[in-house]
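Visitor: I should like to learn how to read a structure of this kind. May we go through it feature by feature?

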Amino acid sequence: MGSVKKRVIIVGGGTGGLVLANRLPKDEFEVTVVDKQPYNYFLPWLLYIAFKGSRRPIKREITTLIKPWVNFIQSGARSINLNDRYVELENGKRLGYDYLVVATGATVDYSKIPGLSKVIDLYGNYHSDEENAWKVWRTINNIKEGTLAFILSYERYRCPPSPLEGVLLADEYLREVGVRDKVKVVYATSYPRPYPAEPMNEVVEPILKERGIEVIPFFILDHIDADKGVAYSVEGEELKFNAAIVIPPHIGVNIKYNPDNVLDPDGFVLADKDTNRIKGFDDAFVIGDASALPVAKTGVTAHLQATVVAKILTGGYARNTGRTHCPFDMGYGLGTFVISDSTHGTVKYPPNRVNHLFKMAFASSYWSMLKYPELWDPLMEAYFNATAPEKLKNIYG
Amino acid sequence: MSQGNRITVDARGIACPGPITELIKAYRNAKNGDVIEVWATDPGFEPDVKAWISRTGNQLVELRKEQDKIIAVIKVTAKK
């Protein structure tokens, strides 16, 4: 019995799922990745489709990104039974496991905000898929006057800097094409300030002011009327727009769980914040956007959580540090990173050109990083150590 | 004044802006007359909740510091 490999099922072939799959030692584990579709997406690039019209491909086939010994099943998962330890596929087949890792990410739900579907239809969004991102590109090319409103509609969304990245890149583009003096750019957020974390807000708020971008804080979107061009807050405040780009509500994907009390009301999976174990289970984990943890929904989070789970599965000791390292494009070739962890607040890190180039270099290296951890892990570990928040705070505050 | 539900939001141990995010989540689902009690350990929560009250027009029933946490009791009154 000693040499029988442990069966690990990873549901989801996104960033977290593939980082983990490629790190589990092949002599100890039989790893199977299950995904309903064949591709791994580099979702951060939706931003550049939307605001630069980038034609760079943003997806690659999962089969080209996994080590030769990792199995891939292209199928949706209908349900997951945590008590009896199996994943039931769409075709009814049941896959038993010794360890389960849920890495199903998040999806968007327009129905949470009455009127939102029509707004998305007209103007697009850059938080779901390529088609909607291309709609945003058309929106910013079509608007010649009036108000372009960016609205953060819900507290759970992918990528904390992304709303302001869109705002700042749109501002840059509208200036480039010569209509910025006639188009008002407005950002409405439910947070008390434009960027949720105060130190980074001190960096970006003056930039927004300098670029003439109006911010409406404490705006909780209640419903939106595409025909009238008005967004309404829960207190009845009205925001008029000629075009609206909404960061939509995000929810967990539609998979039935047994027991069903492991899900929060939005369908995210409840987990232990240190180990990512699913609430109540030793042998099941959830990583990345799919978890209900109050941590940022980002690729870095998924990647780091995957490395923690990999260590735990191989019998080691590892805990999440809550580290964030979010690239923040501020337009005009400038960028910074939102860096923090659970014991250190966010670094007040001003933008520069090098950080923006790092973001671009990372985007180009993404798929290599998924497939060749042996090459990239030592580099990334050194980079993360060098840029640890406690170290950067000494320089930037 | 209608007697609404009382909701407790335990945001202890969550770093800024976590507590205000959890408050907003509870507020989104609440009705006028409901009372939301938030517990937080992050010191940034105090100015945030005061600014939120001032901006939205909801009622701050109580804001007090205990040894191990900040407690804010809010009555929802401003929803349309």
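Visitor: Is A:Asn91 buried or exposed, and why?

Guide: This is a predicted model, and every value we discuss is computed from it. A residue counts as exposed when its relative accessible area is over 50%. A:Asn91 has a relative accessible area of 60%, and therefore it is exposed. A:Asn91 lies in the loop between β7 (86-89) and β8 (94-96) of chain A.

Visitor: Is A:Ile49 buried or exposed?

Guide: The term buried applies under 20% relative accessible area. A:Ile49 counts as buried because its relative accessibility is 2%. This residue belongs to helix α2 (residues 46-52) of chain A. From A:Ile49 to A:Glu237 there are 188 residues in sequence and 32 Å in space, C-alpha to C-alpha.

Visitor: How does one check the length of a helix, for instance α9 of chain A?

Guide: One compares an expected span with the distance between the ends. Helix α9 (residues 373-386) of chain A has 14 residues, and at 1.5 Å a residue it should span 20 Å. The end C-alpha atoms of this helix are 19 Å apart, which agrees.

Visitor: Which residues of α9(A) are buried?

Guide: They are A:Pro373, A:Trp376, A:Met380 and A:Phe384. Seen down the axis of α9(A), the buried residues fall within an arc of 80°, so they line one face of the helix. The face turned away from that buried side carries the exposed residues A:Glu374, A:Pro378, A:Leu379 and A:Glu381.

Visitor: How many disulfides does the structure hold?

Guide: The search over all chains finds 0 disulfides. A:Cys159 is in no disulfide, and the nearest cysteine sulfur, that of A:Cys326, is 6.1 Å away. The cut-off for a disulfide is a pair of cysteine sulfur atoms within 2.5 Å. As for accessibility, A:Cys159 is partly exposed at 24%, whereas A:Cys326 is buried at 4%.

Visitor: What can be said of cavities of 30 Å³ or more?

Guide: One asks how many there are, and then what lines them. The structure holds 1 cavity of 30 Å³ or more. The largest cavity has a volume of about 50 Å³. Its lining includes A:Val102, A:Thr104, A:Gly252, A:Tyr257 and A:Ala290. By class, the lining of the largest cavity has 7 nonpolar, 4 polar and no charged residues.

Visitor: Which residues does a cis peptide bond join?

Guide: Here one reads the angle omega. A cis peptide bond joins A:Asn258 and A:Pro259, with omega at about 0°. A:Pro259 is in the loop between β19 (256-258) and β20 (284-286) of chain A.

Visitor: What is the phi of A:Arg85, and what is that of A:Tyr332?

Guide: Phi is another backbone angle to inspect. A:Arg85 has a positive phi of about 60°, although it is not a glycine. This residue is found in the loop between β6 (77-81) and β7 of chain A, and A:Arg85 is partly exposed at 41% relative accessibility. A:Tyr332, also a residue other than glycine, has a positive phi near 60°. Its place is in the loop between β21 (324-331) and β22 (334-340) of chain A, and A:Tyr332 counts as partly exposed at 32% relative accessibility.

Definitions and conventions
Residues numbered from 1 in each chain as written. Chains lettered and ligands numbered in written order. Predicted model: local features only at pLDDT ≥ 70, side-chain atom pairs only at ≥ 80, totals over all residues. Heavy atoms only, no water. Buried < 20%, exposed > 50% of the residue type's maximum accessible area, 1.4 Å probe, protein only. 1 Å grid on protein atoms, 1.4 Å probe; cavity = no way out; pocket = protein on both sides within 12 Å on 5 of 7 lines; lining within 4 Å. Points joined across faces, edges and corners; volume = space filled by probe spheres on them. Nonpolar A, V, L, I, M, F, W, Y, C, P; charged D, E, K, R; others polar. Helix = DSSP H or I, 4+ residues; strand = E, 2+ residues; numbered from the N terminus. Expected span 1.5 Å × (residues − 1). Arc of directions from axis to C-beta.
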